[in-house]
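Hi everyone, thanks for coming. Please take a moment to look at the model on the screen, and then I'll walk you through a few parts of it.

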Amino acid sequence: MHYPSIDPVALSIGPLQLHWYGLMYVFAFLAGWLLGRFRASRPWCSWSGGQVDDFVTWAMLGVIVGARLGYVLFYDLSAYLADPVEILRVWNGGMSFHGGLLGVVTACWLWGRRNGKTLLDMLDFVAPLVPTGLFFGRMGNFINAELWGRVTDSPLGMIFPGAGPLPRHPSQLYEAGLEGVLLFVILWIYSSRPRPRGAVAGLFGVLYAVSRIIVEFFRMPDAQLGYLFAGWVTMGQILCLPLLLAGAWLLLRAYRGDGKA
């Protein structure tokens with residue numbers, strides 16, 4: 001298959017350009033907000049619709065600032081030190097999930113302190129909303145024709161512009177399917193009734209980490225980093241290990257009776 005040529009600019013009005021990559025973030029936040037409002041309407045939920053509306057702004061700041069700074073620090077610090085203004089050009093891509101996650105956790109902690117909610121309560125509420133953002137983010141990567149996969153002879157292989165003449169795994173779509181669609185379905189169903197405190201957040205951590213580690217075997221590592229060890233270990237896999245351990249610990253804690261519903 002050949003990559004379907006997609007103009008990364010969705011709309012141009014004079015010098016103003018609206019990029020699909022930026023629109024994906026708008027779709028992600030809109031989906032998260034609407035789903036959060038729906039969860040808040042459930043009888044067992046302690047959130048109000050107004051609280052969801054207020055927290056969305058905090059979450060947006062946490063995601064954007066955290067994801068951008070995470071990419072700068074984890075993946076390409078030297079390039080951004082050479083051209084610091086590039087940090088502001090988010091439409092060129094370069095957002096780190098793990099940085100965004102740290103940004104959201106920080107936003108949860110700060111907002112929760114102001115509104116009488118514990119960090120685990122915040123994370124349990126937010127976790128099922130995250131996969132929709134992951135889905136749109138990976139679709140943005142696909143539209144930008146970035147973060148493609150390794151060379152393959154699979155019928156799923158796709159020839160990407162700038163990636164040479166050989167077909168490659170469309171790993172952005174694999175991630176959209178695993179981390180976005182599948183993870184959303186599992187978490188949404190699992191969190192549809194009260195669970196022990198920390199269990200929903202823990203399940204998210206485990207499932208995301210496992211999904212990302214698997215997909216990294218099909219995805220090319222960032223060119224400036226390459227493989228970090230043994231010709232196959234990537235930065236994405238390394239960054240997933242703390243998340244995997246934290247998620248497993250939260251699940252164990254929840255179901256050993258240390259977490260309360």
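Let me begin with a term: a salt bridge here is a side-chain nitrogen of Lys or Arg within 4 Å of a carboxyl oxygen of Asp or Glu. Before we use it, please keep in mind that this is a predicted model, where local features need pLDDT of at least 70, side-chain atom pairs count only at pLDDT 80 or more, and totals for chains, interfaces and linings use all residues. Residues are numbered from 1 along each chain as its sequence is written, and side-chain values use heavy atoms, with hydrogens and water left out.

So, how many salt bridges does a search of the whole structure find? The count is 8. One of them pairs Asp53 with Arg37, with the closest N and O atoms 2.9 Å apart. Asp53 sits in helix α2 and Arg37 in helix α1, so this pair ties together parts that are 16 residues apart in sequence. Helices, by the way, are DSSP runs of H or I with at least four residues, strands are runs of E with at least two, and both are numbered from the N terminus.

Are these two residues buried or exposed? I call a residue buried under 20% relative accessible area, exposed over 50%, and partly exposed in between, using a 1.4 Å probe and protein chains only. Asp53 comes out partly exposed at 33% relative accessibility, and Arg37 is partly exposed at 36%.

Now move to another pair, Glu179 and Arg138, whose closest N and O atoms are 3.6 Å apart in their salt bridge. Glu179 is in helix α7 and Arg138 in helix α6, so here the parts tied together are 41 residues apart in sequence. Both Glu179 and Arg138 are buried.

Arg219 makes a salt bridge too, with Glu175, and its closest N and O atoms are 2.9 Å apart. This pair links distant parts of the chain, as Arg219 is in the loop between α8 and α9 (235-255) and Glu175 is in helix α7, 44 residues away. Through shared partners, salt bridges join Arg138, Glu175, Glu179, Arg212, Glu216 and Arg219 into one network. Arg219 and Glu175 are both buried.

Staying with helix α6, we find Phe135 there. Phe135 counts as partly exposed because its relative accessibility is 28%. Apart from neighbours within four places in sequence, Phe135 is in contact (heavy atoms within 4.5 Å) with Ala176, Gly180 and Val181.

Let's go back to helix α1, residues 20-40.

Last, the cysteines. A disulfide is a pair of cysteine sulfur atoms within 2.5 Å, and a search of the whole structure finds 0 of them. Cys45 is in no disulfide, and the nearest cysteine sulfur, that of Cys108, is 13 Å away. Cys45 is buried, at 14% relative accessibility, and Cys108 is also buried, at 1%.

That's my tour, and I'm happy to take questions.
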